[in-house]
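Thanks for coming. I will go through one structure today, a few places at a time.

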2 protein chains.
Amino acid sequence: MKTIQQTKLGLLGGGQLGRMFIQNALNWDVQISVLDADANAPCAACCRDFRQGDLLDFDAVYEFGKTCDVLTIEIERVNTKALRQLETEGVRVYPQPHIIELIQDKYTQKQFFRQHGFATTDFEFVANKAALSAHLESFPLVQKLCRDGYDGRGVQILRSADDLHKAFDAPSIVEDLADIDQEIAVMVARNPKGEVRTFPPVAAVFHPEANLVEFLIAPAQVSKDISEQAEHLARQIIEKLGMVGILGVEFFLTKSGELLVNEIAPRTHNSGHTSIEANRSSQFEQHLRAVLDLPLGDTAIVSPAAMINLLGEEGHTGAVFYQNLDTVMQNSGVYLHLYGKRETRPFRKMGHITILRDNIEELQSLAQYVKNTVKVISNNNL
Amino acid sequence: MKTIQQTKLGLLGGGQLGRMFIQNALNWDVQISVLDADANAPCAACCRDFRQGDLLDFDAVYEFGKTCDVLTIEIERVNTKALRQLETEGVRVYPQPHIIELIQDKYTQKQFFRQHGFATTDFEFVANKAALSAHLESFPLVQKLCRDGYDGRGVQILRSADDLHKAFDAPSIVEDLADIDQEIAVMVARNPKGEVRTFPPVAAVFHPEANLVEFLIAPAQVSKDISEQAEHLARQIIEKLGMVGILGVEFFLTKSGELLVNEIAPRTHNSGHTSIEANRSSQFEQHLRAVLDLPLGDTAIVSPAAMINLLGEEGHTGAVFYQNLDTVMQNSGVYLHLYGKRETRPFRKMGHITILRDNIEELQSLAQYVKNTVKVISNNNL
């Protein structure tokens, strides 16, 4: 039996989620190897064994995985055939390949919710744009590409038949437009022994006019009952999946007070970032504990927190410059996380800032201030 | 003017202090290069630009430093002639070379305390063992080698003339044996603009019988008056030095209630480790802020904490094995830090564990339990 320090842990994907995972794994001296197509991916700066290769290529994933005892992911777009093969050969692949496959496709994901009685918006499969005309009476609706949507790409609202021209012409699902009061998310982890722990829910706070997410707030400002329901559902989902690792579960809380499962992601997640500073254990530590079959960590919140994504400004492409960082860093309880990406482009996730404050109103106003002050721009446009 | 992300920061020394510094610097995407003689030093695992070279060699340090905008240290044993040369050529060297030199020699360090009126135990210089016989009437006393003492090496108590045979035969200082009630330490940082911030004092807790340090506790359990005095003295020392960076200041609190400065270290320090989890900003973040001329961070304590050094057990040399880690990790608020050293040997610093608890008695008893449970042994002896 290998010790934690002797276990070779492979990570598919070298982005920011992997980078924060490695920062944490350094504390336990876990040997991590990373595979990513981009030689300058965020993980390359902090990983001794960084290998370049295409995550969708069978051979690249298989050859990489053969050198590992445990294999995990920080992105779902990976070659699961290779993962299935590695699993049969004794590599511990967490999350398990069949679960990654189920979640990679939004249609099979939604079918899973339906089959197991998890409330979700009503949905149907459409094979292409032409097939959408059968749904004219259901407008407005949400169209989501079955595969490869990411960071809001591959999702759009079709309000009326006039929007048909912009519809995706690919296998997708159409969903009812939920009457959303809040969007909340729960991170949940499970280890091979079957131990399960949830993190308290976090919520997206929207700009009152622009209807854009301003920041995340933890804990979500919802009733104890809703909070417990959300944690309970997250636990049921990971148990029903039998998944090992951490899972992000996104919910709509409707205006009538119903919790609908929106989407799940079988990995560390943007919604869990406040856990780095605001919880006893972070989502990254929890995932590490889960895949190494260690006792799971305490997820209790130590301080209310807000999290702001640092996205590239529109109109800026090129070498990145972070405006006014030193200004916001004068405030206590402001924690910067830059992902080490050299180039910015519009809406690219370049980093995040977590803010801790005991008082929720102070927290919200400081978050608003930080959000308005820091800008991710390009040097070229200075 | 280069941005934080464009600044090339060089670090002399690749040990655990450097490793934790880099873990922190990753959050701000600071580009760090490391120089160390050992290709497997703890920093090698998390640093893209790790270079091998002797820190005491002029050319190695000079050539490394020439490629940096800012140069700092994680160990005092470095070639300061090279640093002085680099400083004249415009590299920002923090701490400044003349301060490293002053502190490298325990005699000049003590003279600094005396000259500026900082209370310290009485001391005299002795050139060699023979010169010690002039001090027979002062026994018992402490002999400290002027140079290159480290982790308790180079320091010994001479209780009577019978101990003369074991005295160091090299330039050293002899000090009065203080009547110590507690040993406390303050971390203090200063940036180039002259802003200074102190961390609340931490204290060493000794085993009641064995007279060995069991763990550190933060905050030190001393009166508000003593705590303020210690922070005030630390501030005065760094200001008198005009130093940039973080400085560890160790004090003896005597049984008569007097605070005596014992030693100072111009770098991050073992005494500051609880700040990673227990303070708003860690000592590593604070040092980074200081050397990059950023506003200093909030040092407030968020939770009482204890810190246990994981030292190699006596009788164990070879490939390291950490016994019972998974047992203690079942407890909430137990944070493991392993330094990534492959081989253990007696008393080698292999890692540390920080424990957070609101209640001081609970904290002490959990610290005691963790201390007694985790053992750093060698696989060979299993």
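**Around a buried glycine**

Setting aside residues up to four places away in sequence, Gly15(B) touches Asp36(B), Pro42(B), Cys43(B) and Glu74(B). Contact here means heavy atoms within 4.5 Å. The place of Gly15(B) is in the loop between strand 1 and helix 1 (16–25) of chain B. Helices (H or I, at least four residues) and strands (E, at least two) are DSSP runs, numbered from the N terminus. Gly15(B) is buried, at a relative accessible area of 14%. Buried means under 20% relative accessible area, exposed over 50%, and partly exposed in between, with a 1.4 Å probe and protein chains only. Its C-alpha and that of Met1(B), 14 residues apart along the chain, are separated by 31 Å.

Before going on, the ground rules. This is a predicted model, in which local features need pLDDT of at least 70 and side-chain atom pairs count only at pLDDT 80 or more, while totals for chains, interfaces and linings use all residues. Residues are numbered from 1 along each chain as its sequence is written, chains are lettered from A and ligands numbered from 1 in the order in which they are written, and side-chain values use heavy atoms, with hydrogens and water left out.

On confidence, pLDDT is the predictor's confidence in each residue, from 0 to 100. Chain A has a mean pLDDT of 94, and 97% of its residues reach 70 or more. The model scores ipTM 0.94 and pTM 0.95.

Now the two chains. How can chain B be laid on chain A? A turn of 180° and a shift of 0.0 Å along the axis do it, with an RMSD of 0.0 Å. That is the relation of a two-fold axis. In chain B, the C-alpha nearest the axis belongs to Cys46(B), 2.1 Å from it. The superposition is by least squares on the C-alpha atoms of residues with pLDDT of at least 70 in both copies. Of the interface residues of chain B, 98% are also interface residues in chain A, so the copies meet through the same surface.

Not counting residues up to four places away in sequence, Gln5(B) touches Tyr322(A), Leu325(A) and Leu338(A), and in its own chain Trp28(B), Asp29(B) and Gln31(B). At 12% relative accessibility, Gln5(B) counts as buried. A polar atom of its side chain lies 3.0 Å from the backbone oxygen of Trp28(B).

Next, a sheet in chain A. Five strands form an open sheet in the order 3-2-1-4-5, with parallel pairing. Strand 3 (49–52) and strand 5 (92–93) of chain A stand at the edges, each with a single partner strand, so one side of each is left without a neighbour in the sheet. Two strands pair if DSSP finds at least two bridges between them. Strand 1 (residues 8–12) and strand 2 (residues 31–36) of chain A are joined by five bridges. Gly10(A) has Ser33(A) as its bridge partner, and Leu11(A) has Val34(A). Four of the five residues of strand 1 of chain A are buried.

Back to chain B, and helix 2 (residues 58–65). Which of its residues are buried? They are Val61(B), Tyr62(B), Phe64(B) and Gly65(B). These cover an arc of only 165° around the axis, which puts them on the same side of helix 2 of chain B. The arc is that of the directions from the helix axis to the C-beta atoms. The buried residues pack against strands 1 (8–12), 2 (31–36), 3 (49–52) and 4 (70–73) and helix 3 (80–88) of chain B. At the start of helix 2 of chain B, a side-chain oxygen of Asp57(B) reaches to within 3.3 Å of the backbone nitrogen of Asp59(B).

Last, a buried lysine. Lys144(A) is in strand 7 (residues 141–145) of chain A, and is buried at a relative accessible area of 4%. Its side chain makes a polar contact with the side chain of Glu175(A), at 3.1 Å. A polar contact is a pair of N or O atoms within 3.5 Å; within protein, one must be able to donate a hydrogen and the other to accept it, and residues adjacent in sequence count only if both atoms are side-chain atoms. Leaving aside neighbours within four places in sequence, the contacts of Lys144(A) include Lys106(A), Asn262(A) and Glu263(A).
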